[in-house]
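Welcome! Please take a look at the sequence and the model below, and then we can walk through a few places together.

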Amino acid sequence: MTRQQTYEDVLRTLSEGSVHTHFDAFTDIDWDNPDWAVDKKDPRWVLPEADPLGRHPWYRDLPVERQAEIGLIRMANVARVGMQFENVLIRGAMDYLFNLPNGRAEFRYLTHECTEETHHTQMFQEFVNRSGCDVPGGRPAFRVVSRFLPLAGSLWPEVFFTGVLAGEEPIDHIQKAILRSGGPAHPLLQRIMQIHVAEEARHISFAHEFLRTKTPQLGAFRKGLLSLAFPLVMRALGDVIAIPDKRVTRQMGVPRRVIREIFWKSPEGRKMLRDLFSDVRMLAEDSGLMNPVSRRIWKALRIDGRPSRFRGEPPALSA
């Protein structure tokens, strides 16, 4: 069986998964459950230690009510960033599909994915609205550049789907860590994360398979450029997803020194930064995108390290 046949089989499996297991933002979340109501002083909003801010000593020393208020704002802003990123993804995927030749397996799967991502944007924005937090989401520069990023869907799809992974992998990593921690969490947030992680598994699988299949087909020059762009896109968009905007930092009342320590000055912050990209380092190795020059870029950006042995390998095992 050729690599292309394997790729098409994977896409058929992912498409069938989308048909049989999918969620609706307004039927699969019990928004009006009284126990799920949003109260900014609810201790269930306290960030767990799996969250990078939640484990910082400055945060842990605050009164519980203050921790809850900050936790709600942080989660609302993460949701808002997620909504914005999914919006860019949908527009870029549709741009990629517009002139796709007939008979291509990507058409069916990506339209399934865009349907799911649309539900995610509704789910995230509904949470933001109910939180009562007027959060901006991504940084101003990202919100400006996002007007043009979808064009990469057709102009340079390999870079576009690299960007998709750069946004999906960090938030998936953090949400999985929070869910695995088993700590007390607000049921509304927990349900949103469960849905998102379940469907993002398919979306991340597609982006990995797309790049693993398409990259070897590129010419030497285009492949060389992609090897250099790959770590740059990962770090740039990863920071957009992970690091709170300055306006949100002020809203939460978190000192800038704390944000700098978490992202990414402290030893724990530097380890987390590397952990976020262990799966995509594996993908870069498998796709022939690791070479002497690109390795220097990975190292300069502080996102180098041992690649995962398998996708989704927990950080404790990949350290």
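## The end of helix 13

After helix 13 comes G288, with a positive phi near 75°. Helices here are DSSP runs of H or I with at least four residues, numbered from the N terminus. This is a predicted model, in which local features need pLDDT of at least 70, side-chain atom pairs count only at pLDDT 80 or more, and totals for chains, interfaces and linings use all residues. Residues are numbered from 1 along each chain as its sequence is written, and side-chain values use heavy atoms, leaving out hydrogens and water.

Helix 13 itself is mostly covered, with seven of its nine residues buried. Buried means under 20% relative accessible area, exposed means over 50%, and partly exposed lies in between (1.4 Å probe, protein chains only). The buried residues include S278, V280 and L283.

## Helix 8 beside helix 13

How do helix 8 and helix 13 lie relative to each other? The axes of helix 8 (residues 187-214) and helix 13 (residues 278-286) come within 9 Å and cross at roughly 20°. Axes are lines fitted to C-alpha atoms, for helices over the stretch in contact, with angles from 0 to 180 degrees between N-to-C directions. The two helices are therefore roughly parallel to each other, a label for angles under 35 degrees.

## A residue of helix 4

Q122 sits in helix 4 (residues 105-131). Is Q122 buried or partly exposed? Q122 is partly exposed because its relative accessible area is 32%. From C-alpha to C-alpha, Q122 and G92 are 18 Å apart in space, and they are 30 residues apart in sequence.

Terms used. Parallel < 35°, antiparallel > 145°, perpendicular 65-115°, else oblique.
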